[in-house]
Structures are given as structure tokens and as C-alpha cells.
Amino acid sequence: LGSEFTSTFYRAMTLMVAASPCAVIISTPAAVLSAIASGGRQGVLFKGGEHVEAAANIDAVAFDKTGTLTQGDTQLTDVFVRETAADSLTDEGLLSLATAVQARSEHHLARATVAAAEERSLDVPDARRFQSVAGKGVCADVEASTIHIGNRSYFETVLGDAAVKGLEPGLDRLQTLEAEGKTSVIVAREDGGDVTVLGWLAFTDTVRPGAAEMIGELRELGVEHIVMLTGDNERVAQRIADEVGIDEVQAELLPEEKVATIEDLVDRHENVAMVGDGVNDAPALATATLGIAMGGAGTDVALDTADVVLMGDDLSKIPYVLGLGRATRRTLIVNLAIAFGAIALMVGTILLRGIPLPLAVVGHEGSTVLVSLNGLRLLGFRG
């Protein structure tokens with residue numbers, strides 16, 4: 001264009017320095033890595049930077065009930081023997097038979113049953129051919145009989161073709177116990193193809209301290225919808241939901257039904273977090289936009305599947321996770337505005353009037369340092 005080579009070359013070098021995108025490139029890792037480090041200090045393990053960014057957009061949260069919203073320290077409260085049960089069965093005899101089967105299971109009700117038997121120092125027989133039906137019940141051969149332990153669905157579907165003696169009064173008693181807020185199961189014995197209800201076991205669990213406050217904090221962060229997913233009966237689930245302030249309850253779910261519910265939530269809300277701790281929660285954790293596992297009491301499968309692990313089982317860390325994600329997003333927006341703004345200002349000035357090369361270096365390096373320092377502010381995030 002007829003310009004002098006020396007001045008044009010000098011301006012070109014100045015332009016290249018000013019337009020170098022170092023600040024743009026460092027904006028994201030400076031903020032995200034600081035957020036991950038901040039989470040680690042608070043006992044929150046993010047398995048990647050993309051999960052920090054995903055936490056920023058969550059507007060619906062689904063919770064498992066047992067071990068997540070509740071203590072997970074389920075206790076056996078009642079042992080009832082059916083009045084017409086054969087062989088003059090006692091409460092301790094019924095508990096002993098149930099423990100023989102439940103000792104092979106990892107379910108929280110099974111652990112409570114075994115713990116109750118140990119407290120009473122019961123003599124527990126051996127069990128063989130243990131079988132489990134996810135979300136419904138278990139059975140095993142104990143002595144000369146097969147012992148079945150399960151919920152309503154187990155006896156109506158798994159044993160649907162068998163004529164179960166005492167099933168109708170058994171289901172009535174189950175409904176009464178559930179109305180009292182107790183999770184309950186039926187214990188039955190099968191001899192030669194004949195199945196007879198022997199009695200019932202009832203359990204209770206308590207809500208985790210701070211659960212209601214945690215739900216309130218999620219709403220303050222802008223979470224639009226909060227759901228409880230559980231395999232427990234609806235009456236018990238609704239009691240817990242009312243206590244902590246849950247919007248929607250989905251009860252008596254099998255693992256695959258939890259997945260379908262999460263898929264439906266994703267269709268409705270797009271960005272959904274799932275919080276759980278058990279083996280049955282793992283598929284739902286994988287399906288959600290962000291899977292959060294309760295690390296202290298969580299199973300290995302849940303911990304491996306989740307995107308975020310709460311190492312201390314502290315419910316207050318769930319709002320912290322979403323709050324940290326939102327703070328990281330705000331920091332990224334500010335960083336990118338600083339980086340692109342500095343580039344646009346210097347490039348425009350160079351093209352219109354020209355600036356000295358040292359000043360372009362100061363502007364370039366200064367914006368890089370500024371966005372780095374702004375990202376490091378997340379190290380002090382406390383929620």
C-alpha cells in the first residue's frame with residue numbers, strides 16, 4: 001500500500017503480540033483447575049473439569065432416599081409372627097430364619113436384620129441357593145425349606161403363580177405398617193411347593209440432619225425441580241419428602257425404572273443431577289447429566305459411576321457443588337471478557353493510531369496475569 005517497510009513491519013509485530021490469545025487460552029484452565037482444587041479442600045472430588053461446568057447448568061435434582069436423604073442406618077423395629085403360623089414359631093425363630101437368608105444380601109434392610117440378630121445373639125442356620133430379585137426380595141434354602149423375604153411386588157409378581165397361604169392378611173398388615181411410616185417385608189416359607197406367610201419385619205430410618213436446609217439452599221441457587229427416587233413404598237417415601245420439602249416422589253422403583261425416570265427428567269429439564277449411594281443407583285447416576293455419589297457410605301459401583309463424589313457424606317456439599325459450578329461459570333465469563341476486550345482494544349488502537357511494542361507486551365502479559373489471578377480466586381470459594 002506504499003507504506004514505509006520499517007514502520008509497517010514494526011506495527012505488524014506489535015499487532016501480532018497484542019492479538020496473541022494467551023489470555024483467552026488460560027482463562028478456562030485457570031478457573032476450572034482452581035475450582036477442582038477448591039472442591040478437593042472441601043471433601044468434594046470432581047472427576048474432570050467438564051463436570052465442574054456441568055454443575056453450573058443443573059436445574060433439576062433427583063435424590064435416592066435411603067442412605068442419601070436418610071441416615072442409611074436402618075434399624076429393625078418390629079418382628080411379627082403370624083398367629084396361625086405353624087410349628088409354634090417365635091419372634092426369635094422368625095428373625096433367625098430371616099437372618100439366614102439376609103446374611104447373603106448387601107441391601108440395607110438385610111444389614112439391619114443381621115445386626116438385630118447379632119444383638120440378640122441368635123443361633124442362625126446356614127442358607128443355600130441364595131437368589132435376589134432387584135427391588136423386590138430374596139430367597140434361599142434354609143434347613144429343609146425355602147424362605148422368601150420380599151415386598152408386595154415380590155409376592156404378587158415373583159410368586160404370582162403360587163398359592164400363598166395367608167397372603168391377603170399379610171398384605172393388609174404390610175399396608176398398616178407402611179401407614180405408620182415403616183418399611184416392611186413379608187417372610188414366607190415354601191415346603192413342597194406350598195408357600196405360607198410366617199410373619200413380617202418392620203424397619204425405620206431417620207432423615208439426615210440438615211436435609212431440609214439443603215433443599216432450601218438448592219432452591220435459592222435456582223434449582224427448579226427436586227425429586228425423590230426410591231424402591232421403598234410410597235407412604236414411607238412421602239413422609240420423608242414432606243419432612244424435607246421434596247416436590248415429587250417416585251416410589252417402588254426398580255433400578256431400570258429409576259433410569260427411565262432420569263431420562264424423563266432430562267427430557268423435561270435438560271440438565272439433571274442424580275444423588276445416590278447404592279448399587280441400584282449406579283445406572284441412574286450414569287444417565288444423569290451429573291452423577292453425585294455419597295462417598296462415605298456409597299458402594300464401589302456408585303463411586304466408580306458418579307462424576308462427583310462427596311467424601312464425607314455431608315449433604316451441605318450438594319449446594320456447594322452447584323454453587324461452585326455457577327461461580328466457575330461467572331469467572332469464565334469475566335475472564336473471557338477481559339481477554340477478548342484487551343485484544344480488541346489493543347488491536348483497534350494499533351490499526352487506527354499505533355502504540356509502542358513495549359506497551360502491547362504489557363497489555364498482552366497483563367491480561368494473561370489478570371485472568372489467571374481471577375481464576376485463582378475460586379480457591380477461596382466456600383459456597
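This is a predicted model: local features need pLDDT of at least 70, side-chain atom pairs count only at pLDDT 80 or more; totals for chains, interfaces and linings use all residues.
Met-13 belongs to helix α1, residues 5-19. With a relative accessibility of 33%, Met-13 is partly exposed.

The salt bridges come to 12. One of them joins the side chains of Lys-258 and Asp-64, at 3.2 Å from N to O. Lys-258 sits in helix α11 (residues 255-269) and Asp-64 in strand β2 (residues 60-64), so this pair ties together parts 194 residues apart in sequence. Both Lys-258 and Asp-64 are buried. Asp-64 and Lys-258 are also linked with Asp-281 in a network of salt bridges.

Lys-65 and Asp-232 form another salt bridge, again with an N to O distance of 3.2 Å. Because Lys-65 lies in helix α4 (residues 65-69) and Asp-232 in the loop between β10 (225-229) and α10 (234-244), the pair ties together parts that are 167 residues apart in sequence. Lys-65 and Asp-232 are buried.

Arg-129, in strand β4, forms a salt bridge with Asp-141, with the closest N and O atoms 3.0 Å apart. Arg-129 is exposed at 59% relative accessibility, whereas Asp-141 is buried at 9%.

Backbone geometry is the last topic. Most residues other than glycine have a negative phi. Arg-129 has a positive phi of about 55°. Ser-121 also has a positive phi of about 55°; Ser-121 is placed in the loop between α6 (108-119) and β4 (127-133) and is exposed, with a relative accessible area of 63%.

Note on methods:
Residues are numbered from 1 along each chain as its sequence is written. Side-chain values use heavy atoms; hydrogens and water are left out. Helices (H or I, at least four residues) and strands (E, at least two) are DSSP runs, numbered from the N terminus. Buried means under 20% relative accessible area, exposed over 50%, partly exposed in between (1.4 Å probe, protein chains only). A salt bridge is a side-chain nitrogen of Lys or Arg within 4 Å of a carboxyl oxygen of Asp or Glu.
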